[in-house]
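Here is a short tour to read with the model open beside you.

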Amino acid sequence: MKMIKAIIRPNKVDEVKDALSALNIAGMTVTEVRGHGKQKGHTAIYRGKEYNVSLLPKMEIEVVVPDVLADDAIKAIVTAARTGEIGDGRVFVMPVLESHRIRTGEKEA
Amino acid sequence: MSFPPSASGADAVPATAGGARAVLDAARAELRADTLRGAGGRAALERYSDRVDALLRQIYAAAGEPPSPVAVLALGGYGRRHLCLYSDIDLLILFSRSIYPAEERFLRGLLHPLWDLGVVVGHQVRELDDFRTLETDNPEFLLALLDARPVAGARELFDRFNDVFHTAATHAFILRSLLQLIDERHGKFNSTLYQLEPDVKEAPGALRDLSATRVIALLTDPLLLRRGPADPARFDDAEDFLLRVRSTLHLEGARNQNVLSHEQQERAAEMLVYPGAEPRIRVERLMSDYFRHARIVSRSLEWARKTAPVPVGPNLGLSRDGIRFLDPVQAARNPPAWLAAFQAAIDHQTDVAEETLSCIQQHVDRYRADDFFPQPADRAAVLQLLKPRPGLYDRLSEMHDCGLLGRVFPEFQAISWRVVRDFYHKYTVDEHTLLAIRNLERLGTTEDSSRQRFRSILTGLPAPELLVLALLLHDVGKWRDDDHALESVRMAEQVVARLQLSPEQRDIVLFLIRDHLKMSLVAFRRDTEDPDVVAQFARAIGTEERLKLLCLMTLVDVEAVSPETLTSWKEELLWRLYVDAYNHLTQRYGDELIERNQAGLDELLASPPADLTAAEITAFLEGLPQRYLQLFTRDAIHRHVRLARDIKSDEIHISLEPNEGVWTLAVVTLDKPFLFSNICGVLASFGMNILRGHALTNPNGLVLDVFQFTDDERFLALNADAQKQVRRVLEDVVSGRSEVTARLRGREQGVLKTASRFAPVVRADNEASGRYTIVDIVASNALGLLYRISRVISQHGCEVDLVLIATEGEKAIDVFHITKAGVKLTQAEQQALTSDLQRTLEGTA
């Protein structure tokens, strides 16, 4: 299993969700986060005064998928979340050792 | 009215003098006999007062027909029918019109016979109109007027007097004065009622305190004494006792004397038939009775002073449990007063008393929405009530609970306890709505540092009550299950019509309701990094004012969904969209010009007024920023087209109109250097304080400046030909016949030079607009500010093409779109200009 953690633009959440659903990946965690990558935010000006918006609002989507689905899922996320501009985000992939379903105690390797 | 001299008072009196004497003597004999029996109390005094009334009516009749309606009113103790044997007969002779010789003759005919009879008359003569201003220097007289009772003459005049005299303001003044008079009087008696030789009129616990207690109740809560420390019957007994004692003093002293001296105590005890073998015992019994009664009076007065509601409006009092109707029966018939009760509660930061809420609840079903605001003042009061201030949510909730809110806004009733199941909302629709209003109210006073940016938007809003009205109605369409925003708009249109809002107010409210989801949709679901997304959003909103309102509406609406919905993450997204859209609206609008065949023009051009053609309107509009179409109503646009007609160089066409204390000046002329600064200078020279405005220029050099300003020195209000003068001075200055600097010289030393109260902000930007250098200025608002700024800009050889003028309280926010020789300024030119502007604003130039 792989955990895929994608930091994406807030407005892309619905498209990413739809793309993952199309792969029958339904379970996911969505979190409002703030941060910056290379984009490093920018300076906005309001009424002649500058104010820094270095931490930009982003969405973080976490899904855990079987190894065989991982590549498709990553591809789906990247395609759905891409605008081509700076600030489109990142996808991280991590191995998952095991997972336990709390309701049943069932273990998945 | 004719007035035969033969019937004048002076002639008529002798015929009745003997009769009058006999009547008075008989009345006095009767009161003496009563007093001697120890029965000179209330009943006897009322009888005596009635006989004096009859005597007065007799003399009044004998004085002949008055030349104009007149009323003779008994005042003070006589008005209360407690006239004692040697009391002054206090009268008000009230004329319906100015007092002419004929009135004076009548007056003599009335008073001379009284003087001849040897009675002491305390008379006041007034015209009805005298009571339109309060005689604040004579509080005793005002107090006596509360007891005014018609004795003779025109009853109708007495009714008119009551209407004029009995106002909330007068009552409040009298009450304040009374409390002061009581303290002063008590001071003379060392503030104790236990006097060995008490003055039965003046001493603490004596007759004056007794009537003061009644007056406090009358002015605050007529039912007050029923809840007092003493049974009302015992209070009445005390009065009867004190009057009986006073009667003995008048009889014995044969004059208006009221001190129960040791000597008089023996006589009084005798007359009042106190048992006891010795005078000492009889006196002790009398005095013990006296102190017992005086104590009841004294306690009642103290209790009334502590408990009486403070009058805070017509029929409204502030008591310990909140705002109460002083007379619930009257209030039940007057539904606009109900809203006033809630307003008073907000004003005084208190509740509406439970009893008052029950009264409203009991009667609310009898009234329809229109009954709550029949008059323009009542409709204005509804909007006033909706201003976001601490307590608004609590009051609206009380109004909702007692059924009033749903009666005033039946549309709101439709969502009462309405449950809409979705993944987000945690409350019923009505409560969600009220919570959104609470959030706005709290935003106004929040100290939370992350909220200050939103708070400052709220503080700067000229009419935040429209936002509250929109919030109140934004979800009313949820009574149905489909697209609620449109249904809310449909229902809100009814409210707006009932409240008779102005077209501008109506547009704002309906816009906010229709688009209340738009900003959250774009902020949270669209790519706001895309300039096109922002531009499209900004265009749809149209003006900064609407953007500000919608931004706050979105904030408080999302916050009211559930405690978790509005995260700081969402706040950030909302703020960023706000800033981007704001910048777009203030800095980029100069790039988007009206073109022939532009969408939206058709509607404007369809059926133009008779004196304008579609071609003329198009010619005027072409090349103005598109924003113009969103800023002005159809009528205003037509007015501007007319002003632009046949305009020639050095000519200036203006229209000047007042609207609720704010004047709108539209100026059309052809562009030339220093034009904008000259116009602003002229307005400053008349002391006019510019609040908002737009300066627009089309590519052919046609200039349209629209200013909204307040006439702080009341020049326009006080001078009949003021408009003409403003026009003439503008023409002279614009054509160069006179210098605006000369006109301003007198003011230069004063206001114009006042330094900014906070550090001014000046910033030039070449990126935001494709055509202009944008100069953003935020500074302390001051008379002549725009003149000074724009003069510096012109002195730098720049053309002022577009200007946005706004004020938020003390703050002036101005955005200039400028060019130099037709192009943007170079870096060096920008630097030189902004430094100069900075120095000017800091007062160091």
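## A helix pair in chain B

In this predicted model, helix 29 (residues 614–621) of chain B and helix 31 of chain B have axes that come within 10 Å and cross at roughly 85°. Helices here are DSSP runs of H or I with at least four residues, strands are runs of E with at least two, and both are numbered from the N terminus. Axes are lines fitted to C-alpha atoms, for helices over the stretch in contact, and angles run from 0 to 180 degrees between N-to-C directions. Helix 29 of chain B and helix 31 of chain B are therefore roughly perpendicular to each other; angles of 65 to 115 degrees get that name, those under 35 count as roughly parallel, those over 145 as roughly antiparallel, and the rest as oblique.

Which residues make the contact? From helix 29 of chain B come B:Glu616, B:Ile617 and B:Phe620, and from helix 31 of chain B come B:His640, B:Val641 and B:Ala644. Two residues are in contact if their C-beta atoms, placed from the backbone, lie within 7 Å. The residues of this contact of helix 29 with helix 31 of chain B divide into 4 nonpolar, 1 polar and 1 charged. Nonpolar covers Ala, Val, Leu, Ile, Met, Phe, Trp, Tyr, Cys and Pro; charged covers Asp, Glu, Lys and Arg; the others, Gly among them, are polar.

## Loop residues in chain B

Follow the chain on from helix 31 (634–644) of chain B and you can find B:Asp650 in the loop between that helix and strand 8 (652–659) of chain B. B:Asp650 has a positive phi of about 70° although it is not a glycine. B:Asp650 counts as partly exposed because it has 13 C-beta neighbours inside 10 Å. For this count, 20 or more other C-beta atoms within 10 Å make a residue buried, 12 or fewer make it exposed, and anything in between makes it partly exposed, with C-beta atoms placed from the backbone.

B:Arg81 is another residue other than glycine with a positive phi, near 65°. Look for B:Arg81 in the loop between helix 3 (76–79) and strand 2 (89–95) of chain B. With 18 other C-beta atoms within 10 Å, B:Arg81 is partly exposed.

B:His348 sits in the loop between helix 13 (336–347) and helix 14 (354–363) of chain B. Is B:His348 buried or partly exposed? B:His348 has 15 other C-beta atoms within 10 Å, so it is partly exposed. Setting aside neighbours within four places in sequence, B:His348 is in contact with B:Val312, B:Leu318 and B:Ile323. From B:His348 to B:Arg226 the C-alpha distance is 26 Å, and the two are 122 residues apart in sequence.

B:Glu767 belongs to the loop between strand 12 (761–765) and strand 13 (773–780) of chain B. B:Glu767 counts as exposed because it has 10 C-beta neighbours inside 10 Å.

## Chain A and its helices

Chain A has 2 helices and 8 strands, in the order β-α-β-β-β-β-α-β-β-β along the sequence. The C-alpha trace of chain A spans about 60 × 25 × 20 Å along its principal axes. Buried residues make up 23% of the 109 residues in chain A.

Helix 1 (residues 13–22) and helix 2 (residues 67–81) of chain A pack at an angle of about 150°, with their axes 8 Å apart. That makes helix 1 of chain A roughly antiparallel to helix 2 of chain A. In the contact, A:Glu15, A:Val16, A:Ala19 and A:Leu20 of helix 1 of chain A meet residues of helix 2 of chain A including A:Ala73, A:Ala76 and A:Ile77. The residues of this contact of helix 1 with helix 2 of chain A divide into 8 nonpolar, 1 polar and 1 charged.

## Where the chains meet

The contact between the chains takes 16 residues from chain A and 20 residues from chain B. On the side of chain A that touches chain B, strand 2 (29–35), strand 3 (42–46) and strand 4 (49–53) of chain A are the elements that give two or more residues. Strand 3 of chain A gives the largest share of that side, 3 residues. The residues of the side of chain A that touches chain B divide into 6 nonpolar, 4 polar and 6 charged.

## Reading the numbers

Residues are numbered from 1 along each chain as its sequence is written, while chains are lettered from A and ligands numbered from 1 in the order in which they are written. As this is a predicted model, local features need pLDDT of at least 70 and side-chain atom pairs count only at pLDDT 80 or more, whereas totals for chains, interfaces and linings use all residues.
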